[in-house]
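Colleague: I am new to this structure. Please show it to me, and then I will ask how its labels were reached.

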Amino acid sequence: MNQDNQMLENKTEFKGNKHFNVLLSLLRDRQSFLEEIRQEIRLQSKTNSLLVSSSIFFAIYGAIVGASHGWMQALTSAIKLPAFYLLSLMICFPTLFFFNVLFGSRSSLQQHFVVLLTAVSVISVLLFSFAPVALFFLITTPDSYQFFKILNVLIFGVTGSFGVKFLYDGMQLLSQQDEVGKGTRTTILRSWLLLYGFVGMQLGWFLRPFFGAPDTKFELFRAVQGNFYLDIVAAVSEILGFK
């Protein structure tokens, strides 16, 4: 019985290590990783591992962000943040794929999806690397809600820009051998990245709160009013003493 339990634990640990090893291989040698995607090597395994590992990293960071309002917000933000990134991807993915196919891409649906997933995974790792910084300011500035919110918006912006750069390079490599319509696909990709950003900001506004304003009761979702940009302007104004 003990041997069976030990074997089960080892198997679970092996699967966990396997997921993170796939992510590490992406970070250590992204050129080879993307080349394997182009050659359709172990696409399903890559998809599963990147989904699992990125969701864990997003959940950890979401929990830290939500902890500024208590354990209930921490729990819901740990669920919302992975959902936010994956839903943004799913909403915009068909547009990129079908436009690419229309203008000469021969890459498969799964190849496109895995490349996009690599970018999301890179963002999750970078957010996780900022987790100690976010936690430090959460602990040392407990009464500075607007500062903590702006800090995290900046972190999301920085990590997102690296993810976009990674995605752009990956899509260029994926379509390297499809010369027909290559210039048009590059233009489509640039336009799609803008679309992805706008969809992401709107979806994030729809799924809020992630932080939870102080002196308010816990809310799973908040009424849709205003917009992301006005909220950031108001937060900066309050920090600078204009409000």
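The questions below take up some of the labels, one at a time.

Modeller: This is a predicted model, in which local features need pLDDT of at least 70 and side-chain atom pairs count only at pLDDT 80 or more, while totals for chains, interfaces and linings use all residues. Residues are numbered from 1 along each chain as its sequence is written, and side-chain values use heavy atoms, with hydrogens and water left out.

Colleague: Why is Thr118 called buried?

Modeller: Buried means under 20% relative accessible area, exposed over 50%, and partly exposed in between (1.4 Å probe, protein chains only). Thr118 has 0% relative accessibility, so the residue counts as buried. Thr118 belongs to helix H5, residues 109-140; helices are DSSP runs of H or I with at least four residues, numbered from the N terminus. Leaving aside neighbours within four places in sequence, its contacts include Leu26, Phe33 and Phe166, where contact means heavy atoms within 4.5 Å.

Colleague: How do you know that the length of H5 agrees with its number of residues?

Modeller: The expected span is 1.5 Å times one less than the number of residues. For the 32 residues of H5 that gives 46 Å, and the end C-alpha atoms are 46 Å apart, so the two agree. H5 also bends by about 40° at Phe130, with the proline Pro132 following within four residues. The bend is the angle between axes fitted to the seven residues ending at a residue and the seven starting there.

Colleague: What makes Asp169 and Arg30 a salt bridge?

Modeller: A salt bridge needs a side-chain nitrogen of Lys or Arg within 4 Å of a carboxyl oxygen of Asp or Glu. In this pair the closest N and O atoms are 3.5 Å apart, and a salt bridge is formed. Asp169 lies in helix H6 (residues 145-174) and Arg30 in helix H2 (residues 30-38), so the pair ties together parts 139 residues apart in sequence. Arg30, Lys165 and Asp169 are linked in a network of salt bridges.

Colleague: Glu36 and Lys46 also meet in a salt bridge, at 2.7 Å from N to O. Is Lys46 buried or exposed?

Modeller: Lys46 has 4% relative accessibility, so Lys46 counts as buried. Glu36, at 24%, counts as partly exposed.

Colleague: Why is Ile60 called partly exposed?

Modeller: The relative accessible area of Ile60 is 34%, so the residue is partly exposed. Ile60 is found in helix H3.

Definitions and conventions. Helices (H or I, at least four residues) and strands (E, at least two) are DSSP runs, numbered from the N terminus.
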